[in-house]
Amino acid sequence: MNPLLQSIDKSRLPVHIAIIMDGNGRWAKSRGSQRAEGHVAGVESVRKAIEAASQAGVKYLTLYAFSTENWNRPKAEVEMLWQLIISVLQAETPGLIKNNVCLRMIGDIDRLPQQSRQSLQECIDATSRCTGLQVNLALSYSGRWEITEATRRIAQDVRDGRLDASDINEHTISQYLTTASVPDPDMLIRTGGDIRVSNFLLWQTAYSELYFTSIYWPEFNESSLYQAIIDYQSRERRFGKTSEQVNNK
């Protein structure tokens with residue numbers, strides 16, 4: 001067993017961890033390789049993160065795999081990424097089922113290539129009865145896109161009489177987001193050295209603990225995740241309250 005896993009307080013686990021998986025291309029470049037090799041290497045880190053989160057007892061893991069902005073990358077790289085996603089989904093589905101991992105997707109599914117959409121749906125259907133860790137893949141996703149879509153749907157429901165404008169509150173908005181059935185992330189991890197949230201879960205991470213590391217995603221492993229959780233457990237989460245209020249609850 002990983003010694004860092006033994007150091008984690010299971011009574012204070014983050015229920016939901018979100019990860020911005022950054023640095024694949026830079027990792028490959030630092031090794032004199034093509035960017036594509038970085039993306040391929042990053043798949044192993046996804047596998048390790050899922051296994052580590054499951055071992056620790058985390059309930060939800062959301063992975064930022066492809067943003068709406070990523071559509072603007074060179075066409076060849078975009079096509080390669082989707083081919084990789086298809087092959088990974090097909091190869092990993094049996095392992096997900098074996099480990100009782102349920103797969104979900106958040107994002108603009110209509111923009112996905114038909115073959116990718118089909119492979120994704122097959123994996124989602126195949127793992128739908130799994131009751132362990134839920135992995136949410138953020139594909140063709142951005143926070144602003146999500147909030148825009150939620151606003152449009154709210155406006156439509158108000159116009160059609162299904163919702164009264166005076167009843168709209170924070171809970172209402174949360175229920176119109178793609179993560180409506182998932183608790184907000186307790187912690188947001190970003191690899192690769194950049195210190196920003198890059199349009200990821202903008203509404204949901206309002207009170208998430210932020211953890212930034214210079215480690216490129218292909219180098220992120222089980223110990224990396226456990227270290228992040230240990231750091232999380234060293235923090236005091238006050239949600240606008242004082243330390244005294246939190247400690248005396």
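## Residues with positive phi

L201 is buried, its relative accessible area being 1% (buried means under 20%, exposed over 50% and partly exposed in between, with a 1.4 Å probe and protein chains only). The model is a predicted one, in which local features need pLDDT of at least 70 and side-chain atom pairs count only at pLDDT 80 or more, while totals for chains, interfaces and linings use all residues. Residues are numbered from 1 along each chain as its sequence is written, and side-chain values use heavy atoms, with hydrogens and water left out.

L201 lies in the loop between β5 and β6 (helices are DSSP runs of H or I with at least four residues, strands are runs of E with at least two, and both are numbered from the N terminus). Although L201 is not a glycine, its phi is positive, near 50 degrees. N100, another residue other than glycine, has a positive phi of about 60 degrees; it sits in the loop between α4 and β3 (102-106) and is partly exposed, at 29% relative accessible area.

## Surroundings of D22

D22 is placed in the loop between β1 (16-20) and α2, and it counts as buried because its relative accessibility is 18%. The side chains of D22 and R26 are joined by a polar contact of 3.0 Å (a pair of N or O atoms within 3.5 Å, of which, within protein, one must be able to donate a hydrogen and the other to accept it, residues adjacent in sequence counting only if both atoms are side-chain atoms).

When residues up to four places away in sequence are not counted, D22 touches R190, T191, G192, D194, I215, Y216 and W217 (contact means heavy atoms within 4.5 Å).

## Helix α8

Helix α8 comprises 12 residues (222-233), which at 1.5 Å a residue should span 16 Å, and the 17 Å between its end C-alpha atoms agrees with this (the expected span is 1.5 Å times one less than the number of residues). At the start of α8, a side-chain oxygen of N221 comes within 3.1 Å of the backbone nitrogen of S223.

The buried residues of α8 are S224, L225, Y226, A228, I229, Y232 and Q233, and what covers them includes α1 (3-6), β1, α3, β5 (187-190) and β6 (209-212). An α-helix has 3.6 residues a turn, so residues three or four places apart point the same way.
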